[in-house]
Amino acid sequence: MVHTPINQDEINKAVWAACDTFRGTVDPSIYKDFILTMLFLKYISDVHQDKFDELSKQFNGNEQMIIAMMSKQSFKIPTGSTFWDLYEARHEAGNGSRIDQALHAIEEANGTKLKNVFQDISFNTDKLGDEKQKNDILRHLLEDFGKDTLNLRPSRVGSLDVIGNAYEYLIKHFAAGSGKSAGEFYTPPEVSDLLSIILEPQQGDSICDPACGSGSLLMKCGKQVQSNFAGSKQYALFGQEAIGSTWSLAKMNMFLHGEDNHRIEWGDTIRNPKLQDKEGGLLHFDVVTANPPFSLDKWGHDNAANDHFGRFRRGIPPKTKGDYAFISHMIETLKPQTGRMGVVVPHGVLFRASSEGKIRKQLIDENLLDTVIGLPEKLFFGTGIPAAILLFKKQKDDNKVLFIDASREFKSGKNQNQLTPENIQKIVDTYKARETTDKYSYLATLEEIAENDYNLNIPRYVDTFEEEEEIDLMTVRSERLALQNELTDLEAEMAGYLEELGYGA
């Protein structure tokens, strides 16, 4: 069978067009899970079918050999549960329950690999309307994904990234359209790029995101290793995510990008950290990075004093702001020699007093804080406020803190601002040079920070004040006189016209 060559843009457009089936009927925050799950099901079904056809040819239709070889595939799909089985039955009643049954069967057949991944996703839901409307919507959805443009067989697609990229494309568009809740599952790609470049993950590193959302930041770190070490996959990705449906997205996202060496746990990182060693202690990582929810209320303050992991020994963050809860957790999961970390925070983290001030002082006194980077406003979905990146290191080469004010250099957009590759490169170069530059960066000693009462507000260190040019009053005066003369001439000309028209005095 001859397939048309693949084009990333066409695939992106085709999956985005599939959303039209739901638009105006269902809220995007609900239908995003249906679209992303269907893309995953379609992909594993096409891989399965491609392999089956290849083996049928190879073994001349020898059924036993084909079954034996198919059982070794990375995903097992029980008979009757592929996308194409559902597609064939699309005109019959019961599409919702058929899709749910197929997903459940696939989950069961793949053991721990897909355990609970589809538990929060039900296609047989009243949110899609009454039985007839639901059946029609799901028939359209199956037809959208059954189009030749979305033929995702490896023999046509070649590389996994095409599907992974389409998945990321969808997630980004859902984030752009879903306002405040978007931050729960998506970090803008430029911010992920910046963090992954600065943290320099190496071959053999363990990399963790304790608030991983859909997993894009983690995978960017993995990609850094691949691009810097000739495609090496010698690294391990770890993550935890509190929201069940977002955790499912992360799991599917990993598989669609061919990231099989991952461990993504579902649960609340602060109240119930799941990434533990065999002795019940916290696992430690070379790289820890996250974009946690900003100033999370109800983060687990009540139990923090008795935290048996000792994460809050520097102080307990305030009840209504969980920023330092995530920072404290992340610091405690760093390896003692190689551990380095990057975290996105709201600016209040840099200067708020009381318990947060005490924790901040302690972190600075221990010489763990390495760099503070101020980012432009409106970079993040769902919030216009500017954020900062804090970089920490277990083993620093100096006892100073670099401040970078990157807040004024960006590409502006209507709803969202962006960091350009040039903006990112400038931040990275400044970070590596680790020196003071005019109106952009400042390398502060710990003594200077102490003199500022441990306040990390960037304008205290990076002076961006632009002196206004001196005004030459004589030039201004002569320009004013010239304008006055011009006005007098115009008035005389106007009076002449009016007189000609009979309006004269």
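Which residue just after H18 takes a positive phi? Gly-502 does, at about 85 degrees. The model is predicted, so local features need pLDDT of at least 70 and side-chain atom pairs count only at pLDDT 80 or more, while totals for chains, interfaces and linings use all residues. Residues are numbered from 1 along each chain as its sequence is written, and side-chain values use heavy atoms, with hydrogens and water left out.

Start with helix H18 itself. Helices (H or I, at least four residues) and strands (E, at least two) are DSSP runs, numbered from the N terminus. H18 covers residues 473-500, 28 residues in all. From first C-alpha to last, H18 reaches 41 Å, close to the 40 Å expected at 1.5 Å a residue. That expected span is 1.5 Å times one less than the number of residues.

Helix H5 makes a second case. H5 runs over residues 95-109, has 15 residues and reaches 21 Å, close to the expected 21 Å. Gly-111 follows H5, with a positive phi near 55 degrees. Buried means under 20% relative accessible area, exposed over 50%, and partly exposed in between (1.4 Å probe, protein chains only). The buried residues of H5 include Ile-99, Ala-102, Leu-103 and Ile-106. An α-helix has 3.6 residues a turn, so residues three or four places apart point the same way. Arg-98, Asp-100 and Glu-107 are also among the buried residues of H5. The buried residues of H5 pack against helix H2 (28-58), helix H4 (83-88) and helix H6 (131-145), with contact meaning heavy atoms within 4.5 Å.

The lining has 14 residues, and His-48, Phe-52, Met-70, Ile-77 and Thr-79 lie nearest the centre. H2 and helix H3 (63-70) each supply at least two lining residues. The largest share, 3 residues, comes from H2.

Next come the charged pairs. A salt bridge is a side-chain nitrogen of Lys or Arg within 4 Å of a carboxyl oxygen of Asp or Glu. The count is 29 salt bridges. One of them joins Arg-153 and Asp-53, at 3.0 Å from N to O. Arg-153 lies in the loop between H6 and helix H7 (154-157) and Asp-53 in helix H2, so the pair ties together parts 100 residues apart in sequence. Arg-153 is buried at 13%; Asp-53 is partly exposed at 33%.

Lys-335 forms a salt bridge with Asp-286, the closest N and O atoms being 3.3 Å apart. Lys-335 sits in the loop between helix H13 (323-332) and strand S5 (340-346), and Asp-286 in the loop between strand S3 (262-266) and strand S4 (287-290), so this pair ties together parts 49 residues apart in sequence. Lys-335 is partly exposed at 28%, whereas Asp-286 is buried at 5%.

Asp-438 and Lys-439 meet at 3.8 Å, N to O. Asp-438 is exposed at 66%, and Lys-439 is partly exposed at 25%. Salt bridges that share partners also join Arg-313, Arg-314, Glu-332 and Glu-366 into one network.

Last, the cysteines. With a disulfide defined as a pair of cysteine sulfur atoms within 2.5 Å, the count is 0. The sulfur of Cys-221 is 10 Å from the closest cysteine sulfur, in Cys-208, too far for a bond. Cys-221 is buried at 0% relative accessibility, and Cys-19 is buried at 0%.

Definitions and conventions:
1 Å grid on protein atoms, 1.4 Å probe; cavity = no way out; pocket = protein on both sides within 12 Å on 5 of 7 lines; lining within 4 Å.
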